[in-house]
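Reader: Could you walk me through this model slowly, please?
Author: Gladly; have a look at it first, and then ask whatever you like.

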Amino acid sequence: MIYLGIESSCDETAAALIEVVAGIPKILGHRVHSQNHTASGGVIPQVAAREHLLHLPKVMESLFKEAGIQPQDLGGIGVTAGPGLIGGLLVGVMWAKGLALSLSKPLWPVHHLEAHALMVRMEVPVAFPYLLLLLSGGHCMLTLVHDVQRYELLGQTRDDAAGECLDKVARALGGPYPGGVYIEERARHGNPQAVNLPIPFEHAAHCDFSFSGLKTACLQWIQKHPNLTDSQDFCASFQKVIADSLSERVAHALRQTSLLRCVLSGGVAANAYFRQRLQETCAKYGAKLYAPPPAYCTDNGLMIAWTTYELHRKGIAPCTDFQVRPQWPLPH
Ligand code: KG4
Ligand code: ZN
């Protein structure tokens, strides 16, 4: 059965086609168009929505051409219905509804964070339950994944997400969006001990996060060093402190749950240093860290296509009568 996944909740216009035979997926096509925010320094919702409108038809056309199939060959369609920016969500959902209704194909509304949570299973069949550290641009949470559509929140950020903190600090350094990639590149050859920055919630016995204090400390440090010509040491120190905080929270969650499987996902999970640090933390507790390949950590259509398959397999009924949900907590 062939599944189409459409993603337009933020600034990536993405779509993918997978064929699943006896639970084994094969990628037929995969297209991501990333918007360029160099001029604005970040995502402007109305601009992003217009860009989706412009690029989704092109993405779809080239996707079907790459896969060598026709829309009539589809078995099911999935589209991100939330959470995300309302304009972009509407563009994707309207397109998907039009396609599903005109071709009489089943359609599933997909939860964007659930798609990040399940994406890893497309490559490796990680068994439920598992601990999930989900790090996207706007979300930072530790969750127990019991099954498809069954999540139990252990903790989340009380203010900024780690991704947001990376983006804002990178911007203050004059770097491009997305900031996480810029910080990772600059940090590669820096000294992580060079700049003393506060570790959020150091030694705290809970699973919550906080990154706004660290962000403020970084912005103040940057202000105090206006003639900085080389930010490598600063970026390495900043990245290390985020990793310290993530590692401490994951260690706490592993102790609390006694789980031996931990999944790292969301755009920030593309970071090789975070992957390495969290892998070391998991190893200390005899647990194994899983993460999608870096290219599938950031927003993409494959995660939506795969989640559509997971929803179908689980027996979740398709429907065309649904609204977009810019705010949408993970289902319990
Ligand atoms: O999941 P995602 O692509 O979009 C949302 O759903 O928000 O995540 C975007 C976030 C941004 O904050 C971006 O800076 C971060 O992922 N990111 C990274 C890296 N690549 C993207 N953070 C750290 N290192 C990276 N290599
Ligand atoms: Zn995302």
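**Talking through the model**

Author: To begin with ligand 1, an oxygen atom of this ligand lies 3.0 Å from a backbone N or O atom of G267.

Reader: Before we go on, what kind of model is this, and how are things numbered?
Author: This is a predicted model, in which local features need pLDDT of at least 70 and side-chain atom pairs count only at pLDDT 80 or more, while totals for chains, interfaces and linings use all residues. Residues are numbered from 1 along each chain as its sequence is written, chains are lettered from A and ligands numbered from 1 in the order in which they are written, and side-chain values use heavy atoms, with hydrogens and water left out.

Reader: OK, back to ligand 1: how far is its nitrogen atom from the side chain of E184?
Author: A nitrogen atom of ligand 1 is 2.8 Å from an N or O atom in the side chain of E184.

Reader: And how much of the ligand's area does the protein cover?
Author: On its own, ligand 1 has 550 Å² of accessible area, and the protein covers 92% of that; such areas come from the Shrake-Rupley method with a 1.4 Å probe, and for residues only the protein chains shown count as cover.

Reader: How many residues surround ligand 1?
Author: There are 20 residues around ligand 1, and the closest are G137, D167, G180, E184 and G267; a residue is counted as near if one of its heavy atoms lies within 4 Å of the molecule.

Reader: Which helix gives the largest share of that shell?
Author: That is α6, with four residues, and α3, α5 (162-172) and α6 (179-187) each supply at least two residues of the shell. Helices here are DSSP runs of H or I with at least four residues, strands are runs of E with at least two, and both are numbered from the N terminus.

Reader: Switching to the zinc ion, which protein donors does it have?
Author: The zinc ion (ligand 2) has H112 (NE2), H116 (NE2) and D299 (OD) as its protein donors, lying 2.0 to 2.1 Å from it, and along the chain these donors follow the spacing H-x3-H-x182-D. Donors are N, O and S atoms within 2.8 Å of the metal (3.2 Å for Na, K and Ca), and since water is not among the atoms, sites may look incomplete.

Reader: Where do H112 and H116 lie?
Author: Both are in helix α3 (residues 112-118), four residues apart, which is about one turn of the helix.

Reader: Is H112 buried or exposed?
Author: H112 is buried, because its relative accessible area is 6%, and buried means under 20%, with exposed over 50% and partly exposed in between (1.4 Å probe, protein chains only). H116 counts as buried as well, at 1% relative accessibility.

Reader: New topic: what joins the side chains of E310 and R121?
Author: They are joined by a polar contact of 2.7 Å. A polar contact is a pair of N or O atoms within 3.5 Å; within protein, one must be able to donate a hydrogen and the other to accept it, and residues adjacent in sequence count only if both atoms are side-chain atoms. E310 is found in helix α10 (residues 302-314) and is buried, with a relative accessible area of 0%.
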